[in-house]
Amino acid sequence: MINVVIASPFREEAKQKIMEAGGEACAFTELGVSTPAEDAARIMADAEVIIGFVRPELFSHAGRLKLLQATWAGVDAIAGAVPQDVTITNASGAFGPVIAEHIIACSMALARHIPAYSRQKRWKDLGCELTFEGKRALILGAGDIGLCTARRLKPFGMTTVGIRRVPRDIPDCFDEMYTLAELDEQLALADFVLCALPGTKETAGLLNERRLRLMKKSAVLVNVGRGSLIDTSALERVMGEGHLFGAALDVTSPEPLPESSPLWDMDNVIITPHVAGIGFDRLPETEAKIADICCENLRRYIRGEKLINLVNRATGYRETMMKD
């Protein structure tokens, strides 16, 4: 019998779907944020498969654990705590559409001065705006989120340019594709810089002050990946000098962003509390996609088949896509 722990707050319908996927081969236990510490330790000690998020300190009790099926895309917050012999898979593929909508909503709002207009409380033309048509969108991260974003930007008449870790074939939704080694040159050309990179040693501090100043004064910056990508102090200085047209941050470093940050008071900055891709208790469509990935991997695990969305601990990226 495979002991499976469900540690994310799935709706009843999604939870039942996961249990049906496990069938008679699995025994299910739920672990919530309010589970007493003693009970949580006991549950972890028996777990062979965990589906969801578990506090890092609880993994010290997970002596039988073989698979952690994360219910989010980035695993940097817990990967270091998970025993090295445990396989980690993520839910990449579930969040692309909804996060792409967030990226486009923020980009368009900034381009048309919507935040500034909504704050000024007076009838005043704020001057020059940006359009999407004919502009160059540089998308940092050509995974699920980047692909979904590029597909949605093409009908606006934008040139879509991707930045990825290693060179590969260019998907149809991208006009051009480059690696991180070519980032500086591409930053200087971009009208919109849209960031969807995971949190890794390679991406931490990637957008430092030097690179922020490489960007056009008229450029829009959006970050929905990890806050560690951008040097927050540098961004505060650059934005304070009026170097960028606008910025939207769904993630920051530190997180939450301190109340003392001047970014809060800037009319050309949108700050949201890491909600671009939230599914649980918010978006049933996204939660259903997460559950589908969990079901597929649970069935594959039971049959001893190759899992989807395998995470490479060294890179922080998934090794296999959903359709593999």
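In which helix is the place of Gln-186? In this predicted model, in which residues are numbered from 1 along each chain as its sequence is written, local features need pLDDT of at least 70 and side-chain atom pairs count only at pLDDT 80 or more, whereas totals for chains, interfaces and linings use all residues. Side-chain values use heavy atoms, with hydrogens and water left out.

Gln-186 has its place in helix α6, residues 183-189, where helices (H or I, at least four residues) and strands (E, at least two) are DSSP runs numbered from the N terminus. At 2% relative accessibility, Gln-186 counts as buried, a class defined as under 20% relative accessible area, with exposed meaning over 50% and partly exposed in between (1.4 Å probe, protein chains only). When neighbours within four places in sequence are left aside, the contacts of Gln-186 are with Arg-136, Leu-138, Val-161, Ile-163, Glu-176 and Tyr-178, contact being taken as heavy atoms within 4.5 Å.

Helix α3, which spans residues 96-111, has 16 residues and reaches 22 Å from its first C-alpha to its last, close to the 22 Å expected at 1.5 Å a residue; the expected span is 1.5 Å times one less than the number of residues. Of the 16 residues of α3, 13 are buried, so this helix is largely enclosed by the rest of the structure. Just after α3, His-113 adopts a positive phi of about 60°.

The packing of α3 was examined against helix α5 (residues 144-153), and the two axes come within 8 Å and cross at roughly 55°; axes are lines fitted to C-alpha atoms, for helices over the stretch in contact, and angles run from 0 to 180 degrees between N-to-C directions. At that angle α3 is oblique to α5, given that angles under 35 degrees count as roughly parallel, over 145 as roughly antiparallel, 65 to 115 as roughly perpendicular and the rest as oblique. The crossing of α3 and α5 is right-handed, a crossing being left-handed if the near helix is turned anticlockwise from the far one by less than a right angle, and right-handed if clockwise. Gly-96, Pro-97, Ile-99, Ala-100, Ile-103 and Ile-104 of α3 make this contact with Asp-144, Ile-145, Cys-148, Thr-149, Arg-152 and Leu-153 of α5. By class, the residues of the contact of α3 with α5 are eight nonpolar, two polar and two charged, where Ala, Val, Leu, Ile, Met, Phe, Trp, Tyr, Cys and Pro count as nonpolar, Asp, Glu, Lys and Arg as charged, and the others, Gly among them, as polar.

On the α1 side, Ala-14, Lys-17, Ile-18, Ala-21 and Gly-22 meet Glu-287, Ala-291, Asp-292, Cys-294, Cys-295, Leu-298, Arg-299 and Ile-302 in α9. The residues of the contact of α1 with α9 comprise eight nonpolar, one polar and four charged.

Most residues other than glycine have a negative phi, and most peptide bonds are trans. Lys-121, a residue other than glycine, has a positive phi near 55°; Lys-121 is found in the loop between α4 (114-120) and β6 (136-140) and, at 79% relative accessibility, counts as exposed. Asn-309, in the segment after α9, likewise has a positive phi, of about 60°, although it is not a glycine, but Asn-309 is buried, with a relative accessible area of 0%. A cis peptide bond with omega of about 0° joins Ser-253 and Pro-254, and a cis peptide bond with omega of about 5° joins Glu-255 and Pro-256. Pro-254 is found in the loop between β11 (246-249) and β12 (269-271), and Pro-256 lies in the loop between β11 and β12.

Two arginines were considered in turn. Arg-119 lies in helix α4 and is partly exposed, with a relative accessible area of 36%. The C-alpha atoms of Arg-119 and Asp-267 are separated by 7.4 Å, although these residues are 148 residues apart along the chain. Leaving aside neighbours within four places in sequence, Arg-119 is in contact with Trp-264, Asp-265, Met-266, Asp-267 and Val-269. Arg-55, found in the loop between β3 (49-52) and β4 (67-69), counts as partly exposed at 30% relative accessibility, and the C-alpha atoms of Arg-55 and Gly-80, 25 residues apart along the chain, are separated by 12 Å.
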